[in-house]
Amino acid sequence: MSEPGLNLLSRLWEEHMRAPFPPHMRRREIEGEDMVLLDAEIAGCVSSSLSGPLDERRHKILLGRLAAVEKVLPLIDAEGGAIEYYGRLREMAALAAEIGNANAR
């Protein structure tokens, strides 16, 4: 990934770390996805990708979680900033996956 892409991912990560988790998303499932777990799994993969290349297992998890967040994002209501929160997660997951693809070449 280009340096601007990595810088964007770092900036989004910093924003995400400052953002409160939308309270109404606790103990909530959308389309069979636990919203807290989805957040945690993407965050773990993004954090790892900022430290170095993801291993194959984490990259596979990230791709699966990216597909999951893309599936649920249109179904999230606007209450409490949840759309922005999960939209940023989707963007970070896509950037981190791109980093993983670039490192695999």
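This is a predicted model: local features need pLDDT of at least 70, side-chain atom pairs count only at pLDDT 80 or more; totals for chains, interfaces and linings use all residues.

Biologist: How many residues does H2 have, and how far does H2 reach?

Modeller: H2 covers residues 35-51, which is 17 residues. From its first C-alpha to its last it reaches 25 Å, close to the 24 Å expected at 1.5 Å a residue.

Biologist: Which residues of H2 are buried?

Modeller: They are Met 35, Leu 38, Asp 39, Ile 42, Ala 43, Cys 45, Val 46 and Ser 49. These residues cover an arc of only 170° around the axis, so they lie on the same side of H2.

Biologist: Why would residues three or four places apart point the same way?

Modeller: An α-helix has 3.6 residues a turn, which is why they do.

Biologist: What is found at the start of H2, and what follows H2?

Modeller: At the start, a side-chain oxygen of Asp 34 comes to within 3.0 Å of the backbone nitrogen of Val 36. After H2 comes Gly 52, with a positive phi near 160°.

Biologist: Changing topic: is Glu 33 buried or exposed?

Modeller: Glu 33, which lies in strand S2, is buried, with a relative accessible area of 13%.

Biologist: What does its side chain make a polar contact with?

Modeller: The partner is the side chain of Lys 71, at 3.5 Å. Leaving aside residues up to four places away in sequence, Glu 33 touches Arg 28, Arg 65, Ala 68, Lys 71 and Val 72.

Biologist: And which residues of H3 are buried?

Modeller: In H3, which spans residues 56-72, the buried residues are His 59, Leu 62, Arg 65, Leu 66, Ala 68, Val 69 and Val 72.

Key: Residues are numbered from 1 along each chain as its sequence is written. Side-chain values use heavy atoms; hydrogens and water are left out. Helices (H or I, at least four residues) and strands (E, at least two) are DSSP runs, numbered from the N terminus. The expected span of a helix is 1.5 Å times one less than its number of residues. Buried means under 20% relative accessible area, exposed over 50%, partly exposed in between (1.4 Å probe, protein chains only). The arc is that of the directions from the helix axis to the C-beta atoms. A polar contact is a pair of N or O atoms within 3.5 Å; within protein, one must be able to donate a hydrogen and the other to accept it, and residues adjacent in sequence count only if both atoms are side-chain atoms. Contact means heavy atoms within 4.5 Å.
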